[in-house]
Amino acid sequence: MCGIVGYIGNKEAYPILINGLKRLEYRGYDSAGIAIYNGETAIYKCKGKVSDLEHYTSKKSLVGFVGMGHTRWATHGEPNDINAHPHQSMYGKFILIHNGIIENYSQLKKILEEKGYRFKGETDSEVLVNFIEYIYLQGKTTAEIAVRAALSKVIGAYGLVIMCSDEPEQLIAARKGSPLVIGVGDGEYFIASDATPIVEHTKSVIFLNDDDVAIIRKDELTLKTVKNDKIIQPTIHQLDLDVDEIEKNGFDHFMLKEIFEQPRAIHDTFRGRISLEKKEIHLGGLYNVLPRLVEAKRIIIVGCGTSWHAGLVGEYLFEELARIPVEVEYGSEFRYRNPVIYEDDIVIAISQSGETADTLAAIQLAKQKGALVLGICNVVGSSIPRETHAGVYTHAGPEIGVASTKAFTSQVTVLAMMAILLGKKRNVLSNERYEQLLTALANIPDKIEKILQNSEKVKHIASIYQNATNCLYLGRGYLYPVALEGALKLKEISYIHAEGYPAAEMKHGPIALIDENMPVVFIATQDKTYEKIISNIQEVRARKGTIIAVVSEGDTKIKEMAHHTFEIPHTEEELIPLLAVIPLQLLSYYIAVMRGCNVDQPRNLAKSVTVE
Ligand code: G6P
């Protein structure tokens, strides 16, 4: 949600900033802007993508060694040139780029208007930059003091970078609730809202904590907090990330690359954690809390979007394999509905980015109520792993496509490992069943590989349905969350209205929609509800609906009823979501491409939603 990049050092800032913005564009892409200091500060910003900004700046001379850039996902104010960042204060003293929301911006705006400030656009960020300037001019103080004083009055979330015209060889960065990473180079620093623009320059990074303020000159970084003037010693981490992981590597889109990366991503998720030889599951991040987990009376899973769907699969897994009652909650609902949370509850927060604001707020609430809070996250060093008591990283590698794919399967892999482990420790699973599940999990990457080899078949089905306007996805048991995820993928990237339902619920409403124009995707592998779902397929057929079915290899019954089928290999029922979701991801991808949609940057969406 908005990308931030900053540079200060001995190199030309422009190429670093513009390339950084391209890397960050998956976070937001409705407008972009750049500010570079060279005697005075030039600001260029426009509605549209980073490529539009690049085009706009192509004939300008943008030299200078200090600067910052921003790519926006609008919250306050429509996406246009004026609301794009950077924002400059009225008297020109400060320039700011901001990610997050200033909740008390209207009060601050009123104060400023009474003092004669006038505003060009509608953003909360423009209010903030003027508020900083107002304090600065009032107190005849330094930029750092003014920034810290202003931020102490701000309610809301921010990740921001500020330049001051009186102290031009300096950038000030601050964080509260919206991530910022600082790359430490040789006589240079990089600032970004995540590590992707930094990794090609340096692997040494500092993750800012909430309330941190960094005052950065090319050869010096001073870290303080908003309220405390005392200098803090920063901790430098080494990034475990390579540049080729954040490039398309020959694929047309990041989403396609990430779909095809799933065998490796899942393998990386369980590598070193399951041993078929020793018949062991070892989740190092949970080691200290395992006794509490084994005794758990209840698990509450929180997440948003695709991560919430993974949580639903988790519910089936924990209840079936470990006999622990589970509730799955949207982070946004959980935080506001005064949930009953007991001290012996285990709360598991699932998030690819580790930054989703609603999930973070749910974690904070669960912690206040005394629950043990665990995280399942992909981005190392992000906020959720730092806010939770313990957790497991998915190790899927960077996910850049806005529509989540490999994050889902790697989250389900972690949930499966946890459920199998707990099932064993709680004596729910026999040794034989435990070993069967372990072996099946280890074989999943090869089976996904096999599905991917058949992607042309999905492409053919996509070509037939590319012009659909609605689509229904139906599944039962473990495949109900997969139906939800399939529908989400289609609507996110192709803008076709799609809904997922438990197949048996169809008769309580969605059946009214079915006619010859309604494609229905059944996820109907041979599990214990197979015969039941066949009845549901017949109900659709009887109403002339078109049936596309994901079936088990060798299926004959559904093949006779469906207009199109796609076979997936057999595995244990509990793990089938890991296979069944793959053709659905491919179907959405190909349909979106055929409809000419921007697959990696679907309209109105953002990869990491750091506002509530
Ligand atoms: C956004 C993304 C989704 C993602 C959701 C939760 O809406 O577009 O793809 O599933 O946020 O994100 P998280 O990083 O918490 O998994």
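**Aromatic pairs, strands and cores**

Modeller: In this predicted model, Tyr-7 and Phe-190 are both buried.

Biologist: How many aromatic pairs does the structure hold, and why is the pair of Tyr-7 and Phe-190 called tilted?

Modeller: There are nine aromatic pairs in the structure. The ring centres of Tyr-7 and Phe-190 are 5.1 Å apart, and a pair requires centres within 6.5 Å. Their planes stand at 50 degrees; stacked applies under 30 degrees and edge-to-face over 60, so the pair is tilted.

Biologist: What makes this pair a tie between parts of the chain?

Modeller: Tyr-7 belongs to strand β1 (residues 3-8) and Phe-190 to strand β10 (residues 189-192), so the pair ties together parts that are 183 residues apart in sequence.

Biologist: Why is the pair of Tyr-117 and Tyr-134 called edge-to-face?

Modeller: Their ring centres lie 6.4 Å apart and their planes meet at 90 degrees. The limit for edge-to-face is over 60 degrees, so the pair is edge-to-face. Tyr-117 sits in the loop between α3 (105-114) and α4, and Tyr-134 in helix α4, so parts 17 residues apart in sequence are tied together. Ring pairs also link Tyr-91, Tyr-117 and Tyr-134 into a cluster.

Biologist: How do you know whether Tyr-117 and Tyr-134 are buried or exposed?

Modeller: Buried means under 20% relative accessible area. Tyr-117 has 3% and is therefore buried; Tyr-134, at 16%, also counts as buried.

Biologist: What makes helix α4 largely enclosed, and how does its span stand against the expected value?

Modeller: Of the 16 residues of α4, 13 are buried, so the helix is largely enclosed by the rest of the structure. Helix α4 (residues 124-139) reaches 23 Å from its first C-alpha to its last, close to the 22 Å expected at 1.5 Å a residue. Just after α4, Lys-140 adopts a positive phi of about 45 degrees.

Biologist: Why is strand β7 described as mostly covered?

Modeller: Seven of the seven residues of β7 (residues 158-164) are buried. Tyr-158, Leu-160, Ile-162 and Cys-164 point one way, Gly-159, Val-161 and Met-163 point the other way, and all are buried.

Biologist: How do you know that β7 pairs with strand β6 and with strand β8?

Modeller: Pairing needs at least two bridges. Strand β6 (residues 94-99) and β7 have six, in the antiparallel sense, and Ile-97 has Val-161 as its bridge partner in β7. β7 and β8 (residues 167-176) are antiparallel over six bridges, with Leu-160 opposite Ala-174. A hairpin through two residues joins β7 to β8.

Biologist: What makes strand β26 largely enclosed, and in which sense does it pair with β25?

Modeller: Four of the five residues of β26 (residues 564-568) are buried, so the rest of the structure largely encloses this strand. Strand β25 (residues 546-552) and β26 pair in the parallel sense over five bridges; Val-551 faces Glu-567 in β26.

Biologist: Which residues have the most contacts inside the largest nonpolar core?

Modeller: That core has 96 residues, and those with the most contacts inside it include Ile-281, Phe-318 and Tyr-473. Helix α19 (residues 576-594) gives the most to this core, with 13 residues. Domain 2 (249-449) and domain 3 (454-602) each provide at least three residues to this core. Apart from this core lies another, of 31 residues, among them Leu-24 and Val-181.

Conventions. Residues are numbered from 1 along each chain as its sequence is written. This is a predicted model: local features need pLDDT of at least 70, side-chain atom pairs count only at pLDDT 80 or more; totals for chains, interfaces and linings use all residues. Side-chain values use heavy atoms; hydrogens and water are left out. Buried means under 20% relative accessible area, exposed over 50%, partly exposed in between (1.4 Å probe, protein chains only). A nonpolar core is a set of buried Ala, Val, Leu, Ile, Met, Phe, Trp, Tyr and Cys residues joined through side-chain atoms within 4.5 Å. Domain bounds come from an automatic or database domain assignment. The expected span of a helix is 1.5 Å times one less than its number of residues. Rings of Phe, Tyr and Trp (its six-membered ring) pair if their centres lie within 6.5 Å; planes under 30 degrees apart count as stacked, over 60 as edge-to-face and the rest as tilted.
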